Amino acid sequence: MSSSLVIQTSFLGDTVLTTPLLAQLANRGTVDVVTTPASAALLAHHPAVRELIAYDKRGEDRGLLGLWRLARRLHDAHYDVAFLAQGSWRSAVLALLARIPNRVGFSTSAGKLLYTKRVAYRDDLHHAARLLMLARPNGREPTPAELRPSLAPGDAERAAVDAFLTERGVRPDERIVAVAPGSVWGTKRWPFYPELAQELADAARVVIVGSGADTPLAQAITSAAPAALDATGRLSLLASAELIGRCGVVVTNDSAPMHLASAMGTPTVAIFGPTVPEFGFGPLAPRVSVVGHDTLPCRPCDRHGPQRCPLGHHRCMRELTPSTVAERTRALLLNPDVLA
């Protein structure tokens, strides 16, 4: 039985997309994960993970001293192999200082010179598949079932969601649609969630998910649709995943809630503006509907999504109408046996 360490200190969505790799490695032996404090909370209870090691690289663990302390701790665990799911120099140096004999990462990563094995970064695969191929670079490509991300909300998360819904009078049989208006990238934010909530008010209870930073966006939605419920900043990440898992549909930008929905198997309407699913970060839920301005010549303009539209018009989002998104949402919500 092997002992594997996965280093993934990137964005929350990337952490979710790493879970298929974790599941595969767990079939071979023990798996520990170095990740950010936020992602560590998200991966709590995950059956593939033996130990979560929170690395606060911008806080108390920042700098060379923090890196060295963590490396000594990892060295004492005697891992057989480290998988560098996040390819920075810092992650590569961490694995080297920990004296992990086998260090596997992408051939395009910044820290590739410190790897003992380099795997091709394939643009033709979903990122979850790319990450999974780190553990089988010469094997077959993953099946859709193998690519499905996973999370494991526990009793505390279920209780938190029960309390949130009960306190707001949501009936057990009531249809719920989650909307996720936020993104750290400004141009990824579709501007018409308030109008969408108005259009969906007769079909389902709308609940707004996101972090506390998304509360101003949520307030704009509840002003337009007073029956909508604001869960931004009120639930942990894992509890937010539990809430999304109870929804009939989630409507989301190209951001972390889209990946939470994939992990929870929730039908997803994914709105793509400056980015496209072909970059490898599209939704992986069983039933999805992707909305994007497919004929716009300036799209995609960035692999992440700039804070401001480079051309100043933001047509990739402004020309996606609330009625279009509402129609896609209703199709998934009211026809559960039909793929959108």
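## Asp 61 and its surroundings

The side chain of Asp 61 comes within 2.9 Å of the backbone nitrogen of Asp 56, a polar contact in the sense of a pair of N or O atoms within 3.5 Å, where within protein one must be able to donate a hydrogen and the other to accept it, and residues adjacent in sequence count only if both atoms are side-chain atoms. This is a predicted model, in which local features need pLDDT of at least 70 and side-chain atom pairs count only at pLDDT 80 or more, while totals for chains, interfaces and linings use all residues. Residues are numbered from 1 along each chain as its sequence is written, and side-chain values use heavy atoms, with hydrogens and water left out.

You will find Asp 61 in the loop between strand 3 (51-54) and helix 4 (63-77); helices (H or I, at least four residues) and strands (E, at least two) are DSSP runs numbered from the N terminus. Asp 61 is buried, with a relative accessible area of 14%; buried means under 20%, exposed over 50% and partly exposed in between (1.4 Å probe, protein chains only). Leaving aside neighbours within four places in sequence, Asp 61 is in contact (heavy atoms within 4.5 Å) with Ala 54, Tyr 55, Asp 56, Gly 66, Leu 67 and Arg 69.

## Helix 12, an enclosed element

Helix 12 (residues 256-264) is largely enclosed by the rest of the structure, because seven of its nine residues are buried. These are Pro 257, Met 258, His 259, Leu 260, Ala 261, Ser 262 and Ala 263. Their packing partners are helix 1 (12-17), helix 3 (37-42) and helix 11 (237-245), together with strand 7 (176-180), strand 10 (249-253) and strand 11 (268-272). After helix 12 comes Gly 265, with a positive phi near 75 degrees.

## Helix 8 against helix 11

Helix 11 also packs with helix 8 (residues 155-167), at an angle of about 65 degrees and with axes 9 Å apart. Here axes are lines fitted to C-alpha atoms, for helices over the stretch in contact, and angles run from 0 to 180 degrees between N-to-C directions. From helix 8, Glu 157, Arg 158, Ala 160, Val 161 and Leu 165 meet Leu 238, Ala 239, Glu 242 and Leu 243 of helix 11. By class, this contact has six nonpolar, no polar and three charged residues.

The whole structure has zero disulfides, a disulfide being a pair of cysteine sulfur atoms within 2.5 Å. For Cys 301, the nearest cysteine sulfur is that of Cys 316, 6.2 Å away, which is too far for a bond. Cys 301 is partly exposed, at 37% relative accessible area, whereas Cys 316 is buried, at 9%.

Note on methods. Nonpolar A, V, L, I, M, F, W, Y, C, P; charged D, E, K, R; others polar.
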